[in-house]
Structure formats: structure tokens, C-alpha cells
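Colleague: I would like to learn how to read a protein model, feature by feature. Could you walk me through one?

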Amino acid sequence: QYMLAEIFKNMYELRAKKCRLRERYINIRRSLPSDMKKERDNKICSFLLSLASYRYSDIILMYFPCKDEVDIKSVIIQALNDGKKVALPKCRKEDRSMQFYFINSLNDLSQKGAFGIPEPSETLPVYNPASDTRPAVCIIPAIVYDKEGFRIGYGKGFYDRYLPSFSGTKIGLAYNDFIIDKVPRGKYDLSADVLITEKGITAINTK
């Protein structure tokens with residue numbers, strides 16, 4: 001019983017630490033001047049498109065940016081123009097699961113999802129990481145990353161549940177001052193393989 005209480009205490013402390021960091025950096029991100037944010041976004045997108053793992057991947061899993069996130073809509077459009085298979089996520093609140101659906105254009109994001117973010121329709125083809133062997137990368141949104149590629153997201157756990165089934169390259173995007181020495185992490189947390197900021201590209205895990 002003592003060990004069980006200790007486990008719950010550690011879990012609570014981990015969540016509390018993550019929550020404090022999440023709130024702090026969300027507030028910092030919201031206060032970024034729009035021209036500075038746009039300049040940083042453009043640099044990050046340029047670095048992303050220059051990656052060998054982007055060029056040699058057939059499938060690109062991306063996200064539709066909410067207001068304060070790194071805006072990668074230009075990369076979605078470019079990837080489609082480059083002939084890549086582009087997929088975006090659809091989230092289910094009920095079981096906190098997520099699936100990626102292939103889109104042909106941004107017009108396919110015609111539905112507002114569980115969190116008010118445009119999502120693809122379930123009538124579109126779904127990406128199955130277990131059976132699809134084509135080279136793939138996943139662009140992972142986050143609020144803050146650390147130097148080892150671990151992240152703090154929004155605390156909903158969608159990517160934490162999805163990423164163990166994904167064997168391709170995981171790419172984290174963040175502004176340079178949102179990379180800290182170390183984020184609190186649990187045993188199920190996974191790290192990105194590559195980090196991209198407006199300052200450049202850092203390889204974390206090489207495959």
C-alpha cells in the first residue's frame with residue numbers, strides 16, 4: 001500500500017510539473033509579436049523542407065496549426081505539390097485515440113474536430129502504420145521540447161498513444177527559446193528523432 005501511494009504521489013508531481021511548464025510557455029508563446037512569429041515559422045518550414053528525411057519520405061504526417069503553434073500550412077501545400085502522401089489527424093475525445101487520414105488539399109479539412117481544429121473526414125483513406133511500409137515522417141506539435149527530444153504537449157495524450165505504433169522519423173518543431181535542458185518525463189514518454197527551430201536542425205536519434 002505504501003508503494004502504491006508513492007506511485008500515485010510521483011504521478012501527481014509529474015503532472016503538476018508538466019502543467020506548470022505548459023502554462024508558462026503557452027503564455028510566452030501567446031505574447032510573441034506576430035511579425036516575429038511569422039519570421040520564425042518561415043525559417044522552421046524552410047529547414048523542414050530541406051531535411052533528407054522529408055525528401056526521401058513518401059508519407060508526411062502533419063498537423064493543422066492552432067493559433068499559437070508553428071504554422072506549417074505552407075509545408076502541407078508544398079508536400080502535396082511535391083507528390084507526397086500527406087495525412088492529418090482526427091482525434092476522438094471518447095478514448096483519446098487518433099488516426100491520420102490522407103488529404104488531397106486543405107479543402108479536405110472541412111470538419112471542426114473535438115478541439116475546434118479543422119480535421120479530415122473519416123471518408124478519406126486512413127494511414128495504417130502497422131501495414132504501410134512506405135518511408136514516413138511524423139511532424140509532432142508541442143509547447144516545449146528539451147535537448148533530448150522529449151516534449152510537453154497539451155496533456156491530452158493523443159501523440160503519446162499514437163507514436164508507439166509509428167516506426168518512421170519523428171520530427172519536433174519549436175521556437176529556439178522553447179527548448180529547455182530537460183522536461184519532466186514518464187516512462188512511456190517518447191522523444192523526437194529530429195528537432196527543428198528557427199536556428200537550425202538537431203539530430204537526436206539516428207536510425
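Predicted model: local features only at pLDDT ≥ 70, side-chain atom pairs only at ≥ 80, totals over all residues.

Colleague: What is the average pLDDT of the chain?

Modeller: pLDDT is the predictor's confidence in each residue, from 0 to 100. The chain averages 90, and 94% of the residues score at least 70. Confidence is lowest in helix α1 (residues 2–30), with a mean of 80, and highest in strand β1 (residues 59–61), at 98. The helices (H or I, at least four residues) and strands (E, at least two) are DSSP runs, numbered from the N terminus.

Colleague: Now the sheets. In what order do the strands of the 7-stranded sheet lie?

Modeller: In general, strands of a sheet pair through backbone hydrogen bonds, either parallel or antiparallel. For us, two strands pair if DSSP finds at least two bridges between them. Here an open sheet of 7 strands runs β3-β2-β1-β6-β9-β11-β12, and its pairing is mixed. β3 (97–103) and β12 (200–203) are at the edges with a single partner strand each, so one side of each has no neighbour in the sheet. From one strand to the next, the twist averages 25°.

Colleague: Which strands does β9 pair with in parallel?

Modeller: Strand β6 (residues 136–140) is joined to strand β9 (residues 169–173) by 4 bridges, and the two run parallel. Cysteine 138 stands opposite lysine 170 in β9, and isoleucine 139 stands opposite isoleucine 171. β9 also runs parallel to β11, with 3 bridges between them; glycine 172 has leucine 195 of β11 as its bridge partner.

Colleague: Are the residues of β9 buried or exposed?

Modeller: Buried means under 20% relative accessible area, exposed over 50%, and partly exposed in between (1.4 Å probe, protein chains only). In a regular strand the side chains alternate between the two faces of the sheet. In β9, Thr169, Ile171 and Leu173 point one way, Lys170 and Gly172 the other, and all are buried. With 5 of its 5 residues buried, β9 is therefore largely enclosed by the rest of the structure.

Colleague: How does β11 connect to β12?

Modeller: Through a hairpin of 2 residues. The two strands pair in the antiparallel sense over 4 bridges, and isoleucine 196 has isoleucine 201 of β12 as its bridge partner.

Colleague: What is the strand order in the 3-stranded sheet?

Modeller: That open sheet has the order β8-β7-β10, with mixed pairing. β8 (151–152) and β10 are its edge strands, each pairing on one side only. Strand β7 (residues 144–146) pairs with β10 in the parallel sense over 2 bridges, and tyrosine 145 stands opposite isoleucine 179 in β10.

Colleague: Finally, where are serine 191 and tyrosine 56 found?

Modeller: Serine 191 is in the loop between β10 (179–180) and β11, and counts as buried because its relative accessibility is 15%. Contact means heavy atoms within 4.5 Å; not counting residues up to four places away in sequence, serine 191 touches Glu148, Gly149, Phe150, Lys170 and Asn205. Tyrosine 56 is in the loop between α3 (52–55) and β1, and at 61% relative accessibility it counts as exposed. Leaving aside neighbours within four places in sequence, tyrosine 56 is in contact with Lys84 and Pro135.

Definitions and conventions. Residues numbered from 1 in each chain as written. Heavy atoms only, no water. Axes fitted to C-alpha atoms, helices over the stretch in contact; angles between N-to-C directions.
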